Amino acid sequence: MRQIVGAMLRHACTQIRYVTAVRQSEARGDVAAVYAQAVEDFGVLAPPLALHSPSPTALAAAWTMLREGLLVDGATDRAARERVAAAVSRANACPYCVDVHRATYETLDGAADEDPELTAWARAAADPGAGTPPWPASWPPDRRAEFLAVAVVFHYLNRMVTLFLAESPMPAAVPGPVRGPMMRTVARAMRPAGAASPAPGRSLPLLPAAPAPEGFSWAEDAPAAADAFGRAAAATDAAVHWLPEPVRALVNGRLDTGDHPRGPSRAWFSDAVAGLPAADRPATALALLVAYAPYQVTDQDVAAFRARHPGDRALVELTSWAALRSALSTGRRLGRNQEARTAPRADGGRRT
């Protein structure tokens with residue numbers, strides 16, 4: 001069965017758009033190190049991870065966040081975190097991630113334990129127009145922080161997957177009635193090689209140490225994830241050192257306002273880049289589209305960017321930077337409620 005799963009995943013890797021993933025047999029150096037950890041701790045080399053491989057930095061950042069945010073047990077179990085991953089992915093209209101993570105939690109212990117509060121919070125957490133969803137009063141701070149970490153990870157991954165992958169990991173020829181059982185078979189393969197869940201922190205040395213992102217004090221209650229976000233944010237930011245400062249400033253400034261465009265029109269980003277030099281517009285437009293509406297990216301947008309920045313590495317570096325900037329902005333928004341509920345008391349404890 002694992003051979004069938006492996007064949008399907010290899011097929012899925014050939015369907016990655018715009019870039020060519022590094023083959024597992026050809027991986028070297030940092031890419032090989034990430035691949036080895038992924039196979040050991042995740043069970044497979046999944047296409048959403050492999051698509052980052054043209055940039056070793058982006059690959060390490062994606063893996064570190066995914067591992068420390070989703071795979072490592074703490075106050076929450078894997079089934080509950082997978083439920084959050086699927087709910088956020090559904091709200092972000094990322095059917096690929098919905099299929100994978102719904103199938104995963106359906107195969108885990110505890111999957112039958114419905115938690116309406118959790119599902120409602122996760123869906124609201126993905127909606128930029130929903131404000132800051134309330135935390136269920138029964139959740140202690142570490143539980144809140146771990147679920148919020150999963151939400152941030154999937155705000156990032158959903159954007160990258162929407163851009164680079166098809167709507168489903170299943171080949172189009174697979175009949176509908178067979179797709180669910182096949183996805184659950186794949187999900188069972190997505191387990192650590194050993195019986196225990198992965199120990200926290202193992203992926204962190206893949207990236208240089210860095211402080212947690214601004215506005216992420218809530219993540220102190222999920223320390224491995226907080227460390228991962230800090231390292232990933234600093235590394236992806238350094239990777240786009242070639243990106244002109246006006247481009248960075250425009251993207252970061254727009255995300256800081258919390259303004260989120262709605263509707264099918266692309267006029268919003270055309271207006272946003274109108275004042276920039278013509279040479280900077282393709283990178284800015286692509287970054288804004290990935291941050292806000294990756295489903296609106298066209299082949300022409302990618303071609304315009306490649307005309308000035310050829311090569312797979314630059315494309316992965318730009319898109320991973322933009323996707324993570326957007327995810328971190330969402331993490332700050334969602335964390336405001338968490339921080340208010342866990343503010344220090346005069347006696348040194350925390351209010352919950």
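Tyr 18 is partly exposed, with a relative accessible area of 24%. This residue belongs to a predicted model, and its place is in the loop between α1 and α2.

**Aromatic pairs**

- The whole structure contains 7 aromatic pairs.
- One of them joins Tyr 18 and Phe 164, whose ring centres are 6.4 Å apart. Their planes meet at 75°, so the pair is edge-to-face, because planes over 60 degrees apart are given that name.
- This pair links distant parts of the chain, as Tyr 18 and Phe 164 are 146 residues apart. Tyr 18 lies in the loop between α1 (2-14) and α2 (29-42), while Phe 164 belongs to helix α8 (residues 141-164).
- Phe 164 has 0% relative accessibility and counts as buried, because buried means under 20%.
- Trp 242 and Phe 305 make a tilted pair, with 6.2 Å from centre to centre and 50° between the planes.
- Trp 242 is partly exposed at a relative accessible area of 24%, whereas Phe 305 is buried at 0% relative accessibility.
- Trp 121, Trp 139 and Phe 147 together form one aromatic cluster.

**Charges over rings**

- Arg 83 lies over the face of Tyr 105, and the distance to the ring centre is 4.5 Å.
- Arg 254 has its charged end over the ring of Tyr 292, 5.9 Å from the centre of that ring.

**Helix α2**

- α2 has 14 residues, which should span 20 Å at 1.5 Å a residue. The C-alpha atoms at its ends are 20 Å apart, in agreement with that value.
- The buried residues of α2 are Val 31, Val 34, Tyr 35, Gln 37, Ala 38, Asp 41 and Phe 42.
- Viewed down the axis of α2, these buried residues fall within an arc of 165°, so they line one face of the helix.
- An α-helix has 3.6 residues a turn, so residues three or four places apart point the same way.
- Just after α2 comes Gly 43, with a positive phi of about 95°.

- Most residues other than glycine have a negative phi.
- Tyr 18 is not a glycine, yet its phi is positive, at about 75°.
- Ala 93 also has a positive phi, near 55°. Ala 93 is in the loop between α5 (78-91) and α6 (95-106).
- With 55% relative accessibility, Ala 93 counts as exposed, because exposed means over 50%.

**Nonpolar core**

- The largest nonpolar core has 102 residues. Within this core, Trp 121, Phe 154, Tyr 156, Trp 218 and Phe 229 touch the most other members.
- Helix α8 gives the most to this core, with 15 residues.
- In soluble globular proteins, nonpolar side chains tend to be buried together.

Methods: Residues numbered from 1 in each chain as written. Predicted model: local features only at pLDDT ≥ 70, side-chain atom pairs only at ≥ 80, totals over all residues. Heavy atoms only, no water. Phe/Tyr/Trp six-rings, centres within 6.5 Å; stacked < 30°, edge-to-face > 60°. Helix = DSSP H or I, 4+ residues; strand = E, 2+ residues; numbered from the N terminus. Buried < 20%, exposed > 50% of the residue type's maximum accessible area, 1.4 Å probe, protein only. Lys NZ or Arg CZ within 6 Å of the ring centre and 35° of its normal. Expected span 1.5 Å × (residues − 1). Arc of directions from axis to C-beta. Core = buried A, V, L, I, M, F, W, Y, C linked by side-chain atoms within 4.5 Å.
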